[in-house]
Each structure stands twice: as C-alpha cells, then as structure tokens.
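Please look through the sequence and the model below before reading on. The briefing that follows moves from one residue to the whole chain.

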Amino acid sequence: MIKLLIAVQADGSYDYTGIMCRFSKERKVLRLLDILNSLGATYRIGEHNSRDTFRLTLPKSDPIYQFIYYMMPEKVFTWKMLALDCKSLLVFLDELVCWDGYKDKRSSSWTYFEYCSSIKQNVDVVQAIAHLCLKKATYSLHGASIRLLVSSKSKTQLRTLTTNTIKYTGKVYCLTVPS
C-alpha cells in the first residue's frame, strides 16, 4: 500500500466517488495497474478522452481507500508515515523515483535520486524518512519547486557560511545529547 500512497500523492485526487487518477504516460498507467492488482483493489477504468488521458478510480467503498485517506487526508505526506517499519520506509523511497522523482538511468549502481515538490511538508517528510533510512538528504529551492537530493553516501560536505554577530542580552541554551 506504500506504493499506492506515493502514486496518489503524485497523480491522484480525492473526489466524491473515491480516489481518481488521470495519466497520459503509459508507464504510470501500467505501474498503477500493477500496484492495484497486487493489492487486490477494486477499481474502475475510464475511457480515453480527447487529450489521450487514462482515468482510473478507486472507490471509497474499498478498504484500501480508507488506509490511503487515513495516512494522507489532504493528499500531502504526513508525519504518520514516520511510524512505518524500516522495510516500508525503504519501499517509500524507492517508489518516489517512479512518480515525482528522478534518477540517472545510465547507471544501474545509482547512489542518489532527486525528489521534487512544491509542497514543503512533502519534502520535509521525505527528508525525515531518508534520514531514518540512514541516507543523506538535502534540499534546495528552484523557483516554486523544492528539490530534495537523497543519497546513500554517508559523508556530507559543508560550505563556508557568512556569519554575523547579534547583540543579545537574554539566556542562551545549548542542546546536548548523550553519546
């Protein structure tokens, strides 16, 4: 069901009948059909329209709809996802590439992928999941989109930051944790 969560967030919408997905890319249609069939989901397939769009609906009556809506009521990744087991979190990261992500397909031994979203909470949740899976995840702004680079490399690189001195007269707290 984790794979379906990713697909719905990327290309689905909630309406009065359930979850509706519309696609023009055949690879996404085939992937979603494979996911739904593996789950034993009940779904309806719509006709192609003049813009060559494929429509698929998962009805509210299907229990899978209830899970998807519970985990993502606003079609935005939620912090509930951090409670998933490690295997499910890794499936989550792998599936992102198929919907709103990118990895260089020239090499089968990829060490990173990019995830893009205009919704900050989506990026924050994906970044937290990546860190829970012991991956490095850093983001940058690209216009209205946020690009998150997720890497399996354990080393990070720091750049020099400009620092300023600010006058402050209150208490300053320092966080420490046991090692």
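Is threonine 57 buried or exposed? Threonine 57 counts as buried because its relative accessibility is 7%, where buried means under 20% relative accessible area, exposed over 50% and partly exposed in between, with a 1.4 Å probe and protein chains only. This is a predicted model, in which local features need pLDDT of at least 70 and side-chain atom pairs count only at pLDDT 80 or more, while totals for chains, interfaces and linings use all residues. Residues are numbered from 1 along each chain as its sequence is written, and side-chain values use heavy atoms, with hydrogens and water left out.

**The chain as a whole**
- The chain has five helices and eight strands, where helices (H or I, at least four residues) and strands (E, at least two) are DSSP runs numbered from the N terminus.
- Starting at the N terminus, the elements follow the order α-β-β-α-β-β-α-α-β-β-α-β-β.
- Of the 179 residues in the chain, 36% count as buried.

**Around threonine 57**
- Threonine 57 belongs to strand 4, which covers residues 54-59.
- Not counting residues up to four places away in sequence, threonine 57 touches Thr17, Ile19, Met20, Thr42, Tyr43 and Arg44, a contact being heavy atoms within 4.5 Å.
- Although threonine 57 and arginine 44 are 13 residues apart in sequence, they are 5.1 Å apart in space, C-alpha to C-alpha.

**The nonpolar core**
- The largest nonpolar core has 45 residues, a core being a set of buried Ala, Val, Leu, Ile, Met, Phe, Trp, Tyr and Cys residues joined through side-chain atoms within 4.5 Å.
- Helix 1 (residues 2-11) gives the most to this core, with seven residues.
- Leu4 is one of the residues with the most contacts inside the core, and, leaving aside neighbours within four places in sequence, leucine 4 is in contact with Leu32, Ile35, Leu36, Leu39, Leu58, Ile64 and Ile68.

- An open sheet of four strands has the order 5-6-8-7 with antiparallel pairing, and two strands pair if DSSP finds at least two bridges between them.
- The edge strands, each pairing on one side only, are strand 5 (101-102) and strand 7 (136-142).
- Strand 7 pairs with strand 8 (residues 145-151) in the antiparallel sense over seven bridges.
- Serine 145, in strand 8, is the bridge partner of histidine 142.
- Tyrosine 112 lies in strand 6 (residues 112-117), and tyrosine 112 counts as partly exposed because its relative accessible area is 30%.
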